[in-house]
Amino acid sequence: MTNLSYYLLPLIWFQAPYASVRGPLIRLRLDDNTNPRLCLDRLEKSGKYSPRLIAKLRRRESCEKNVWEGMPMILAAIVAGNAVGLSERFMNTVSIGYFVLRCAYSESSFSFHGVP
């Protein structure tokens, strides 16, 4: 069996930029580079956008922060598990399981169906 856990490290890292609120703001033509951290506050205060859209964007922003906060732990766990010689099967199960569950969680906050 091949140990895939090290190969998943870059995929796990790329979940953070993928979860970023920046892409949806650019697609919705709502991006503002002057102070991107306050962009959602400005959108909300403007009153031009639906509360549902603002809520979706805030959820996505929280998702990105959650990815960044949890990433050091899972990356360290994968490296440490391999360093102490845990089985390839176990390491593959943990790393693939984390990646799949993280993707499922992230996708639940990315839906913009029906949002104007």
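Residues are numbered from 1 along each chain as its sequence is written, and side-chain values use heavy atoms, with hydrogens and water left out. Because the model is predicted, local features need pLDDT of at least 70 and side-chain atom pairs count only at pLDDT 80 or more, while totals for chains, interfaces and linings use all residues.

The protein chain has a mean pLDDT (the predictor's confidence in each residue, from 0 to 100) of 86, and 93% of its residues reach 70 or more. Helices are DSSP runs of H or I with at least four residues, numbered from the N terminus.

Two salt bridges (a side-chain nitrogen of Lys or Arg within 4 Å of a carboxyl oxygen of Asp or Glu) are found in the whole structure. In one, the closest N and O atoms of Arg 58 and Asp 41 are 2.7 Å apart; this pair, 17 residues apart, links helix α4 to helix α3. In the other, Arg 58 meets Glu 44 at 3.0 Å, N to O, and here helices α4 and α3 are again the elements linked, with the partners 14 residues apart. As for accessibility (buried is under 20% relative accessible area, exposed over 50%, partly exposed in between, with a 1.4 Å probe and protein chains only), Arg 58 is partly exposed at 26%, Asp 41 is partly exposed at 29%, and Glu 44 is partly exposed at 47%.

The search for disulfides (cysteine sulfur atoms within 2.5 Å) finds zero in the whole structure. For Cys 63, the nearest cysteine sulfur is that of Cys 103, 9.8 Å away. Cys 63 is buried, at 0% relative accessible area, whereas Cys 103 is partly exposed at 27%.

The largest pocket holds about 270 Å³ of space. A pocket here is an open set of points on a 1 Å grid over the protein atoms alone, where a 1.4 Å probe fits, with protein on both sides within 12 Å along at least five of seven lines; lining residues have an atom within 4 Å of a point. Its lining includes Arg 22, Asp 31, Glu 61 and Trp 68. Helix α4 (51-83) and helix α2 (22-27) each give two or more residues, and α4 supplies the largest share, four residues.

Key: Grid points are joined across faces, edges and corners, and a volume is the space filled by probe spheres set on the points.
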